[in-house]
Each structure stands twice: as C-alpha cells, then as structure tokens.
Amino acid sequence: MEPFKNKVWLSSPTMHGDEQKWVNDAFEKNWVSTVGENINVIEKEIANFIGVEEAVALSSGTAALHMAVKLAGEKLYGRPKVGDGTLKGKKVFCSDMTFAATVNPVVYEGGEPVFIDIELDTWNMDPEALKKAFEIFPDVKLVVLAHLYGTPAKIDEIREICDEHNALLIEDAAESLGATYKGKQTGAFGDVSIISFNGNKIITGSSGGMLLAKSKDDAAKVRKWSTQSRETAPWYQHEELGYNYRMSNIIAGVVRGQLPYLKDHIRQKKDIFEYYKQELKGLPIELNPFNEEHSLPNYWLSCLKIKPEYISSMITNDYEAFYKKEMGKSCPSEILDAIANINAEGRPIWKPMHLQPIYQANEFITTGSGWANGDDVFKCGLCLPSDNKMSKEEQDVIISAIKKCFE
Ligand SMILES: *Cc1c(COP(=O)(O)O)cnc(C)c1O
C-alpha cells in the first residue's frame, strides 16, 4: 500500500478562520493578557452549554484538575497548613484507565490515588468496583472520574454511590466535551468538573482548560487561586497559596472561534466511528462500546479491541512489544505498525495507572479475579486515526491495512 503523502493524524486541530478573527480582536484592543472579552464570552458560553453555574478559564485541563482537587479537598477537610496539600494522607478513588493528568493532581495535593478498574460496557470506572472500594475504605470522601475517549461513564450509578457515602465527585470531561448522558452534558454531574482545550481534543484553544463550578463562591475561589491569591488590599496581600493558572485572552480567542464548530466536529467524528464500525464488521473486533439507550458520545477517538481469542502471540515489557504473524489473528502492535507504515497515526489505549511504575505501590480495586478489565482492554485495544479532516478514501486505505493484519 502506498503511504499517504500527507500524514493522517490521530486527532489534530481543525481551524475554521473565526479563531484568527478573535485573536486579532484581542491584539487590536490590546487585551492580550489574562483579562478580556474573549475570556468573559467563552466562560459564559461554556457554562450555559454545559448547564453549570460558572466556568473558569485556565491555562490547561491539568491546571483545572489541580484547582478542582484543591477545591474539593478544602470543602472536605478545610484549609491545610501552608506546605501541606489539602488531601495530605487521604485516599482518593480515581479512574484507572485514563491519561495520567486525571490522577496526578491528586498527588499535587498530597492525596493517595486508589485506582478503580473499568467495566466493559463503556470502558469507564466500574460502579461495582467503586462499591467494593467503599466497603474496603469507608472513610474515602472523594472520587475522580474520567469519561474515556468521549464516552460517558455510568454516571448515575457512580453519582448515587458517591451520595450514599457523602463523597464529592470530580468529573474529568477533558475528552468528552459535548457528550451527553440522559440528555445532560458530561461536566454537569460532578460537584466540580473540568474540560480541556489541548490541541488534540474535540475543540482546541491550542492549549487551555476550564473548571466548571456549581456555585459563584467556588468559581470566585478558583479565580483568586489561579491569579496568585491576591487579597483585596492596596498592596500585595496574601492569605493563601497562589498559582499562575489563568487562561490568556489570546488563547480564549481561539476557543471562542472554535465553539460554534463543536457540533460539526462531533458529527464528523461520529461519521468516522460509524464508517469504521460498518467496514470492520467481519473482523473479530469491537469498537469502543457505549450505552445506546441513554448515552450520546462525542466520538472523540474511535478505538478497537480485538477479541482475546484472536490475539496473536505477543510479548511486551515496559518499553517494547514483539509479536508473531499468525493467520486470522492480530494484535495492537501489529495494527499500529501497519497504520504507521501508511503514514497515519494510531495510539495504544491509555496504559492503566495500576500498571504504571510511578503508581505501583497504590491500591487497585477490581471485581475481577486475577485479571482486570483494564488489563484486557489495554492488551487487546488501540486508538484508530480519528481526525476530522480524514477523507473517506483515506479511511478506506486505513481499513484495508487493518483487514490485512488479520489475513
Ligand atoms: C487531555 C486530558 C487532560 C489534560 O488536559 P490538558 O489540557 O492537556 O492539561 C486530563 N484528563 C484527560 C482524560 C485528558 O484526556
């Protein structure tokens, strides 16, 4: 197969022109720093769209998660001594199969992530494993949940379990902006939630993120912390630890220009997902699953998982994978190599946190016996090229390359 002249990306920024207009507007008015109309407008628009009281524009999704974790920590345990995190010595239940940025902020605040396995209906946090975790650690008061690849988690069940245990819920909707569960936007279920405008997300600011708050007080706190925690005084007066996490009005201009296109991006991603699903039907695989009755994903990434009995012999260590070509079978590394060979970009599934050397000592809760669901999806799954700008012809070539792996 001829490689593509222009690389087909996993998920790259898709600009429309309006972004430039709002960036120029910031320049012309000289509001190029962390105050300005673009920021005010996108905070209002996102809060309305998601259905939360307020949105706070920050420098990244990770910064937003840090502020969310700190806010939840203070609500639960009060303001800590200077130098201590708000979650010092406290266990926090976290999604296990996700990007490390979901859980690292818990550690910034001194907390100890306890990882919760996924279920196989949506590849998100398993409510049954979460129940089990509360049985083992009944004192835990905080849960951090990510919606993987744009597919809503079993959020009703998880919310209910949190309420039963008087625990707060942080929703990491970085990958799922625009996805709904029973008609409600992801990001509206958490006590505090976040979204991201990183370059590869469904819409982008080139970078940036937002915290979604349920009250004006919460939003005001985060605005203060993220601008160095200055008190209202004629001089620099500080009662709390501060951060420099505010979004720039230039970045906000890019986001402002992208917002009207969120629906289009979701439709394009949905078409890509459905075309893969239709064309790969004969293979022993499934695409990332969701509950068709009440969930509308944003289809950020199309992923496939090979049925375990069709995985060819492979050996992996922490740094490399080796596999053997076997008739009728394949493995993620073989498919990723085939995709790379035609100049397209695929990715492995997020490697579960409980398998990461940095978090090896942390607790991991699964309802499985021996083999976790997350291990299974990681071993048998991969993310397919899912760029909005990919043509049907390009997708056809990718599909042929995947099919060839199973011959
Ligand atoms: C991208 C991402 C983040 C981090 O967002 P940044 O804006 O890149 O800091 C957090 N959580 C998840 C699940 C993500 O995919």
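**Close-up 1. Cys-162 and Cys-94.** The sulfur of Cys-162 lies 12 Å from the closest cysteine sulfur, that of Cys-94, which is too far for a bond. A disulfide here is a pair of cysteine sulfur atoms within 2.5 Å. By this rule there are zero disulfides. Cys-162 is buried, at 0% relative accessible area. Cys-94 also counts as buried, with 0% relative accessibility. Buried means under 20% relative accessible area, exposed over 50%, and partly exposed in between (1.4 Å probe, protein chains only). The model is predicted: local features need pLDDT of at least 70, side-chain atom pairs count only at pLDDT 80 or more, and totals for chains, interfaces and linings use all residues. Residues are numbered from 1 along each chain as its sequence is written, and side-chain values use heavy atoms, with hydrogens and water left out.

Close-up 2. Of the 15 residues around the ligand, Gly-61, Thr-62, Asp-172, Glu-175 and Lys-201 come nearest. A residue is near if one of its heavy atoms lies within 4 Å of the molecule or strand. The shell divides into four nonpolar, eight polar and three charged residues. Nonpolar covers Ala, Val, Leu, Ile, Met, Phe, Trp, Tyr, Cys and Pro; charged covers Asp, Glu, Lys and Arg; the others, Gly among them, are polar. Helix H3 gives the most to this shell, three residues. Ligand oxygen atoms lie 2.6 Å from a polar side-chain atom of Glu-175, 2.8 Å from a side-chain N or O atom of Asn-198 and 3.3 Å from a polar side-chain atom of Lys-201. The protein covers 94% of the 380 Å² of accessible area that the ligand has on its own (Shrake-Rupley method, 1.4 Å probe).

**Close-up 3. Helix H8, residues 249-258.** Nine of the 10 residues of H8 are buried, so the helix is largely enclosed by the rest of the structure. Among them are Asn-249, Ile-251, Val-254 and Arg-256. Their cover includes helices H1 (18-28), H2 (37-50) and H9 (262-279). At the start of H8, a side-chain oxygen of Ser-248 reaches to within 3.0 Å of the backbone nitrogen of Ile-250. Helices (H or I, at least four residues) and strands (E, at least two) are DSSP runs, numbered from the N terminus.

**Close-up 4. Arg-79 and its glutamates.** Arg-79 sits in the loop between helix H3 (61-77) and strand S2 (91-95). Leaving aside neighbours within four places in sequence, Arg-79 is in contact (heavy atoms within 4.5 Å) with Glu-74, Glu-239 and Glu-240. The side chains of Arg-79 and Glu-240 are joined by a polar contact of 3.4 Å. Such a contact is a pair of N or O atoms within 3.5 Å; within protein, one must be able to donate a hydrogen and the other to accept it, and residues adjacent in sequence count only if both atoms are side-chain atoms.
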